[in-house]
Amino acid sequence: MIRRILLLMSVSTVLVLTQTTAQQRVEITLDEAIKIALNDNPTIQIAELEIERQEYVRKETMGNLLPNITGGGTYNYNLQNSVMFMPEGIFGAGTGGAMRMGFDHSYTGTVSLALPLYLPTVYKTLQLNEEQMVAAVEAARASKITLVNQVKKSYLSILLAESSLEVIEKNIEYAEVVVNDTRNSYNQGLSSEYDLITAEVQLNNLKPTLIQTQNSIRVTRLMLNMLLSLPIDTHLVLREDLYEFRDYVGDAWEFYVDLSGNTDLRQLDIQREILQKQFEIQRAQRYPNISAVAQYSVLSQSNDLKIGHYDWRGTSLVGLQLNIPIFSGFTNINRERQIKNNIRQLEAQRKYLEESVNVQAQTSISNLIEAKEQMAANESTRTQAQKGYSIAKTRYDVGAGTIVELNAAQMALLQADLNFSQSIYDYMSALADYEEIIGRTE
């Protein structure tokens, strides 16, 4: 029986491990990574919750325009009944003066209703709530734009590092072949010890770069996992190659400065509207408020606690209540001045930010153009370097070339490959920055 239980536990463990292993491997493209991030990243969820909260704020304000109904009751035990002072002789000789009236026990129940008819501050607050909702939506949009930029750069950084790793590994293979060939030639007396040492040094110089690149890939993968809200041990398999993004290169005329979608400027514009609504709310504090009121009360008094025998009497009233602000110690006017001052500060801040963002947009376009030209030049250099290495390798194999020439050709090819990969990354990174600045969300 015990063996059977252990067997079942072993099978269950294997199934769990298999399932866990399957969950830890995720194959994605850049577009899929962006979709996952926009759906699961906590910053987006927080922004959506803020939009939901603003909806509750609006409903709360709307509640101030609905009838307000309250109910209450009181019970009093009169240790000494109320005193009424009457004129002497009001009811005949010996009457008048101080007279006590009432009973030991008194009860009162009241239901009151107040219906706002004219509340200017509430109307202005509703307009403020609309602007606050717009601000929450724009903040959510800003979070998405920033997140997309971060995902793109992390994804492309991994591709760049993997492309560099592939180039380095390929050059290590080339270097190992050269070392083996040189060692064989040295053993046969066809090459000098200097050639062998030079080949081995060339190989050893590549290994630290290999380790550094591998570590860079691990760190960048952790960052991408965090952005996608995936478990830290999830292994992401990127289905795209960095060279595939060569097709994303566009013409210069496709890029222009349009700051209408810049989220930083839009948020400042919305903030100004919010301040303007706050000013209007403060100004509305000077206006009168009108409400309709109604009240119904029942009351009774007695010297005993036989409530069932009490004589209950009802009273009711309806009317209008007018509240006119007259003087508040100059608090309202000074609050208005504070808000106006904030608006002027915000306008100056926006003007400076617009100039800064315009420079950033121009710079990103310049970076795009430069990266495109650099990419074309590096691609041509890469082709020449490949041809040069092939010639140097052939010359060295037939004994017409030296190890120095071969090493130089190999290093030139390595650098050309790395430069070409870097130029593609630079272009895509500049494109991501350009799209973030102009506020592109698609």
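Select Glu 166, Glu 169, Glu 173 and Glu 176 to begin: in this predicted model, these four residues gather on the surface in a patch of negative charge. Glu 166 belongs to helix H4, which covers residues 120–187. Its relative accessibility is 45%, so Glu 166 counts as partly exposed.

Remain on helix H4 and select Arg 183 together with Glu 200. The two residues form a salt bridge, with 3.1 Å between the closest N and O atoms. Because Arg 183 lies in helix H4 and Glu 200 in helix H5 (residues 193–227), the pair ties together parts that are 17 residues apart in sequence. Arg 183 is partly exposed, at a relative accessible area of 31%, and Glu 200 is also partly exposed, at 27%.

Next, select Arg 382 and Asp 417. Here a salt bridge is present, its closest N and O atoms lying 2.9 Å apart. The pair links distant parts of the chain, 35 residues apart: Arg 382 is in helix H7 (residues 331–397) and Asp 417 in helix H8 (residues 403–438).

Proceed to Arg 25 and Glu 27, whose side chains meet in a salt bridge of 3.8 Å, N to O. Glu 27 counts as partly exposed at 42% relative accessibility, as does Arg 25 at 48%.

Finally, select Lys 124, Lys 277 and Glu 280, which are linked in a network of salt bridges. How many salt bridges are found in the whole structure? A search finds 22.

Conventions: Residues are numbered from 1 along each chain as its sequence is written. This is a predicted model: local features need pLDDT of at least 70, side-chain atom pairs count only at pLDDT 80 or more; totals for chains, interfaces and linings use all residues. Side-chain values use heavy atoms; hydrogens and water are left out. Patches are made of residues with over 30% relative accessible area and no salt bridge: like charges are joined within 9 Å, nonpolar side chains (Val, Leu, Ile, Met, Phe, Trp, Tyr) within 5 Å. Accessible areas come from the Shrake-Rupley method with a 1.4 Å probe; for residues, only the protein chains shown count as cover. Lys and Arg count as positive and Asp and Glu as negative; His and the chain ends are not counted. The place of a charge is taken as NZ of Lys, CZ of Arg, CG of Asp or CD of Glu. Helices (H or I, at least four residues) and strands (E, at least two) are DSSP runs, numbered from the N terminus. Buried means under 20% relative accessible area, exposed over 50%, partly exposed in between (1.4 Å probe, protein chains only).
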